[in-house]
Amino acid sequence: MSLLYAHGKTAADIADSLLDSLRSGALQPGDALPAVRTLAQQLAVNPNTVAAAYARLRDAGRVVTDGRRGTRVVGAPARMAQAYAVPTGLRDLASGNVDASLLPQLQGGAAAWAALASSASYEAPADLPALQAEARQWLMAQGLPCDEIGVFSGTLDAVERALRVHAHPGDRVAVEDPCWPPLVALMHSLRLKPVPLPVDGEGLCVPDAGVLQGCAALVLTPRAHNPTGAAISPARWKALRRQLQALPRLLVVLDDHWGPLSAAPLAMAASLPPLWLHVVSVSKFLGPDLRVALAMGTPALLQALRAQQALGPRWVSRILQGLAAGLWRQMREGSALAQAGGSYAARRQALVQALAAQQVVLAPGEGLHMWLPVADEAAVVQSMASRGWAVQAGTPLRLASAPAVRVSLGECRPTDMPRLAADLVQALRTPGRAVF
């Protein structure tokens, strides 16, 4: 590297000069910085000064240190894949929307809104007691500790705060493959490296010895995995926990997005890892625009998340919290939660059975999505569109796993399943062909 790119005698000055070279384009993503001793000799400074300058750049997420590859300039954060626009006239099995007819409606009219607004003051508790009470009742039924519950603006908000608190740019984070695309985009924006781990019918597969040792965190879905629908079995969790017990500094984030709609037991409830965070969102059973999630975890970690939240938004809107609490209670008391979960389960079972009748076998699972392995994603998506269905190509959800398509069941009824299954089988058996 030329002295044109770096100059100064203090760590702050050297770091600032390198940042100037990054902003000007003189240094490009992927470029290697000189070894610490080499740059120290060029600048006639102590190697510790250069090391401190590099540490500043790492803390800012502008460079990463990667073993023998040395210190390199990081690339621009990855952007979320462009949303798929469902063509007019197709049944939407691609976007992953819930069934709006299963969502609750606010009861009580103007009086209910007035009651919600009464909590909107600076002096009110950050976390609404009514929502805490609903969450605590559900958590106790799951076998989870619920001494302290944090309220955040959706699952991704809680996960982002946890990763910011616990991980540093350049760290590795183990994730399921296939997985939820916003999670991977988040990790790229935080300069974290996703480590894909396969998923089968029993949930996350136990990695080879040593894989998790190099990771700062592991993010997994305990049940209703998106997109496969798998739940981690007790036997699988027992095997995975053996590794986790030997890694007390590995943060395990449990994204329990299906939460109160799930009929599967929470395999890890009685045997949580040393450092953990459990997040449940209300979006699947109360509606995706209610950006409210509840988080429980290791006390020190949860306190750190709350302290970080207090420096930014300070709290989640208490009107939203009150609305979530009231609708949750309404659904629980009227058995609507069980009915909604049963409705999705019936759709899934009907499709699994209809496919099995045509020799296409899928694991039962639960949740909103089904994952069908295919030879050619584009060919299946096009074939299904010609039959009136929009399904999601698996590419945005895959890191290293094989091609597949995702079918979401929010827009289906059990009576749709025979035709849907027949069309899927035809699409799976239709060979793709090149068009020039």
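1. Axes here are lines fitted to C-alpha atoms, for helices over the stretch in contact, and angles run from 0 to 180 degrees between N-to-C directions. Helices (H or I, at least four residues) and strands (E, at least two) are DSSP runs, numbered from the N terminus. This is a predicted model: local features need pLDDT of at least 70, side-chain atom pairs count only at pLDDT 80 or more, and totals for chains, interfaces and linings use all residues. Residues are numbered from 1 along each chain as its sequence is written, and side-chain values use heavy atoms, with hydrogens and water left out.

2. Start with the helix pair. Helix H2 (residues 36-43) packs on helix H3 (residues 47-59) at about 115 degrees. Their axes are 8 Å apart. The crossing of H2 and H3 is right-handed (left-handed if the near helix is turned anticlockwise from the far one by less than a right angle, right-handed if clockwise).

3. Which residues in H2 meet H3? They are Val36, Arg37, Leu39 and Ala40. On the H3 side, the partners are Pro47, Val50, Ala51 and Tyr54. Contact means heavy atoms within 4.5 Å. This contact of H2 with H3 has 7 nonpolar residues, no polar ones and 1 charged. Ala, Val, Leu, Ile, Met, Phe, Trp, Tyr, Cys and Pro count as nonpolar, Asp, Glu, Lys and Arg as charged, and the others, Gly among them, as polar.

4. Now the whole chain. It holds 14 helices and 14 strands. Its radius of gyration is 24 Å, close to the 22 Å that the globule rule gives for 436 residues, so the chain is as compact as a globular protein of that length. The radius is taken over C-alpha atoms, and the rule is 2.2 Å times the number of residues to the power 0.38. The C-alpha trace spans about 75 × 65 × 45 Å along its principal axes.

5. Two cis peptide bonds deserve a look. One joins Asp177 and Pro178, with omega about 5 degrees. Pro178 sits in the loop between strand S5 (172-177) and helix H7 (181-189). Another joins Asn226 and Pro227, with omega about 20 degrees. Pro227 lies in the loop between strand S8 (215-220) and helix H8 (234-245).

6. Ala224 is not a glycine, yet its phi is positive, about 50 degrees.
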